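Please look over the sequence and the structure shown here before reading on. The report then goes through them step by step.

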Amino acid sequence: PTSANEIDAALRSLRIGPLFDGFRSEPPIPTAAIQFMVDRLTEVVSLDATIHEIELNPVLITDERAIAVDAIIHREGDHV
């Protein structure tokens with residue numbers, strides 16, 4: 001995805017997508033920070049065609065930012 005709307009649609013298509021609108025007494029999760037992170041990751045991947053997978057887990061989300069606590073980047077030819 002490359003636009004905010006496409007990123008939002010992709011997020012909401014995930015199994016956890018309904019949780020973005022809030023769950024039980026929890027408020028909705030602000031997706032703008034996640035959209036920004038995905039947009040930046042898209043730029044990184046466009047600079048290195050050997051990247052074929054990025055795993056971010058966990059990602060902490062605040063009103064203003066998404067913070068990847070841990071990341072694994074797999075490139076072509078990596079042996080896992």
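## Basis of the report

This is a predicted model, in which local features need pLDDT of at least 70 and side-chain atom pairs count only at pLDDT 80 or more, while totals for chains, interfaces and linings use all residues. Residues are numbered from 1 along each chain as its sequence is written, and side-chain values use heavy atoms, with hydrogens and water left out.

## Overall layout

The protein contains two helices and four strands, and along the sequence they follow the pattern α-α-β-β-β-β. Helices here are DSSP runs of H or I with at least four residues, strands are runs of E with at least two, and both are numbered from the N terminus. Taken along the principal axes, the C-alpha atoms fill a box of roughly 45 × 25 × 25 Å.

Of the 80 residues in the protein, 16% are buried, where buried means under 20% relative accessible area, exposed means over 50%, and partly exposed lies in between, as found with a 1.4 Å probe on protein chains only.

## The largest pocket

Rolling a probe the size of a water molecule over the atoms shows where empty space is left. A pocket is an open set of points on a 1 Å grid over the protein atoms alone, where a 1.4 Å probe fits and protein lies on both sides within 12 Å along at least five of seven lines; its lining residues have an atom within 4 Å of a point. The largest pocket holds about 490 Å³ of space, a volume being the space filled by probe spheres set on the points, which are joined across faces, edges and corners.

Its lining has 17 residues, of which L11, L14, F20, I34 and V38 lie nearest the centre. At least two lining residues come from each of α1, α2 and β2 (59-61), and α2 gives the largest share, four residues.

## Single residues

D48 sits in the loop between α2 (32-47) and β1 (51-56), and D48 counts as buried because its relative accessible area is 18%. The side chain of D48 also makes a polar contact with the side chain of T50 at 2.5 Å; such a contact is a pair of N or O atoms within 3.5 Å, and within protein one must be able to donate a hydrogen and the other to accept it, with residues adjacent in sequence counting only if both atoms are side-chain atoms.

I16, by contrast, belongs to the loop between α1 (4-13) and α2, and I16 counts as partly exposed because its relative accessibility is 44%.
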